[in-house]
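Subject: The structure we talked about

Hi there,

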Amino acid sequence: MKALVFEKSGIDNLKLTEYKTPEINSHDVLIKVKMIGVNPVDYITVNSLSVSPIPHIPGVEFAGIVEKVGEHVNSVSPGDRVTIYGRLFDGNCDMCMIGYETLCRNGGRIGVNTNGGMAEYISVEEKYVFKLPEDYSWELGSSMTVAGLTAYHALKEANLRPGETLVVFGASGNTGQFAVQLGKKFGAKVIAISRKSWLKDFGADLIVNYEEAEEKIRDFTKGKMADVVIDSLGEQFWEKGLSILGVKGRIITFGTLTGSEVKINLSKLYNMHQTILGTNRGNRKDFVELLDLCKDCKLKVWRTFSLEEGKEALNSLQDKNRDGRIMIKIY
Ligand SMILES: [Zn+2]
């Protein structure tokens, strides 16, 4: 099969090459990959060597068609359209026992600690494979694994309630698009910090730019400010995030693209009963709920590349004109 492979870290070492088509064991599913969502995690993976195996195929988010199943597989059959739950878990540790596969003590990630989906085929254990509901496009289906699940799990962990105000930084980004739409499904009023007017079609009640955020949010909430703030970008937005957080507010972080060192005023934090919440992807139960909940979710795709153009696809994550998701389609 053809696959994007690197042997030494660095994006220039990523090459489309022939790779042995994976074998399947009795509990495995062979998936013919149709669509890959290009994720910042992939960029980090290609630039790192703490991955396995080497040579390595990256790709944490993908969807495809079941090609072949092992003899003990019964939840999917050849021809089914599927996506994957991408956190590796053992099912035996204390975190798995309470349904927190995302925190498995022996965990990892498909595409980082195993080969990923930037290939014509991938073999994964049945427990990671989920049938896509009918209405799902390949683009949307492949976005559930990281973008959709991370947003959904974060909102659940923050206990976002109907009528509350949710503010999303990076609202046009991979997770941001889903945070906005899912926030509406939770019954919240959603404010997107962005310059992209298309977020209105995704349900945003208010779109404000970064500079005016504090003032506009104060007006919108009549001084109460935000109940939940999502800052998936890290350091650069942290101070602003705290400045718009109201009493009993929860600020969520699950990404540090702009840095991870921040300051906190503890007296403000306790006087306002605020919570800082870290989350990381999500659990299998969340994934099943999400697949059902997100049937009518939209996805803004900016550019679609072929597998041959893998390097350009990854590099375009840094493009300043980026306006939505970057996909790799296997034709
Ligand atoms: Zn575990």
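Which domains does the domain assignment of the protein chain give? It gives domain 1, made of 2-143 + 299-329, and domain 2, made of 150-278; such bounds come from an automatic or database domain assignment.

Before the details, please keep in mind that this is a predicted model, in which local features need pLDDT of at least 70 and side-chain atom pairs count only at pLDDT 80 or more, while totals for chains, interfaces and linings use all residues. Residues are numbered from 1 along each chain as its sequence is written, and side-chain values use heavy atoms, with hydrogens and water left out.

**Overall layout**

The centres of domain 1 and domain 2, taken over C-alpha atoms, are separated by 29 Å. Between them, 13 residues of domain 1 are in contact with 10 residues of domain 2, where contact means heavy atoms within 4.5 Å.

From the record, UniProt has the feature "domain: Enoyl reductase (ER)" at residues 9-328, in an unreviewed entry. UniProt positions are given in the numbering used here, feature names are shortened, and annotations may be inferred rather than shown by experiment. The span 9-328 is 25% helix and 25% strand, and its end C-alpha atoms lie 21 Å apart. Helices (H or I, at least four residues) and strands (E, at least two) are DSSP runs, numbered from the N terminus.

**The zinc site**

Four residues supply the protein donors of the zinc ion: Asp90 through OD, and Cys93, Cys96 and Cys104 through SG, at 2.1 to 2.3 Å from the metal. Donors are N, O and S atoms within 2.8 Å of the metal (3.2 Å for Na, K and Ca), and water is not among the atoms, so sites may look incomplete. Along the sequence, the donor residues follow the spacing D-x2-C-x2-C-x7-C.

What is the geometry of the zinc site? It is tetrahedral, with angles of 94 to 125° among the four donor atoms; four donors count as tetrahedral if all angles lie between 85 and 135 degrees. For comparison, the ideal angle for four tetrahedral donors is 109.5 degrees.

Are the cysteines buried or exposed, taking Cys96 as an example? Cys96 counts as buried because its relative accessibility is 10%, and Cys104 is also buried, at 10%. Here buried means under 20% relative accessible area, exposed over 50%, and partly exposed in between (1.4 Å probe, protein chains only).

Strand S3 (residues 28-37) pairs with strand S4 (residues 61-69) in the antiparallel sense, over eight bridges; two strands pair if DSSP finds at least two bridges between them. Within this pairing, Ile36 stands opposite Phe62 in S4. S4 also runs antiparallel to strand S5 (residues 81-84), joined to it by three bridges, and Gly64 has Val82 in S5 as its bridge partner.

**Around helix H1**

Asn39 sits in the loop between S3 and H1 and is buried, since its relative accessible area is 4%. Not counting residues up to four places away in sequence, Asn39 touches Val60, Glu61, Val146, Asn174, Leu317 and Arg325.

**Backbone points to check**

Most residues other than glycine have a negative phi, and most peptide bonds are trans. Asn159, in the loop between helix H4 (144-157) and strand S10 (165-169), has a positive phi near 55° and is partly exposed, at 43% relative accessibility. Lys222 has a positive phi of about 55° too; it lies in the loop between helix H6 (213-220) and strand S13 (226-231) and is exposed, at 77%.

Lastly, Glu309 lies in the loop between strand S16 (301-306) and helix H10 (310-315) and counts as partly exposed, at 30% relative accessibility. Glu309 and Ile328 are 19 residues apart in sequence and 8.2 Å apart in space, C-alpha to C-alpha.

Happy to go through any of this with you.

Best wishes

Conventions: Four donors count as tetrahedral if all angles lie between 85 and 135 degrees; four count as square planar and six as octahedral if opposite donors are over 155 degrees apart and all others between 65 and 115; anything else is irregular.
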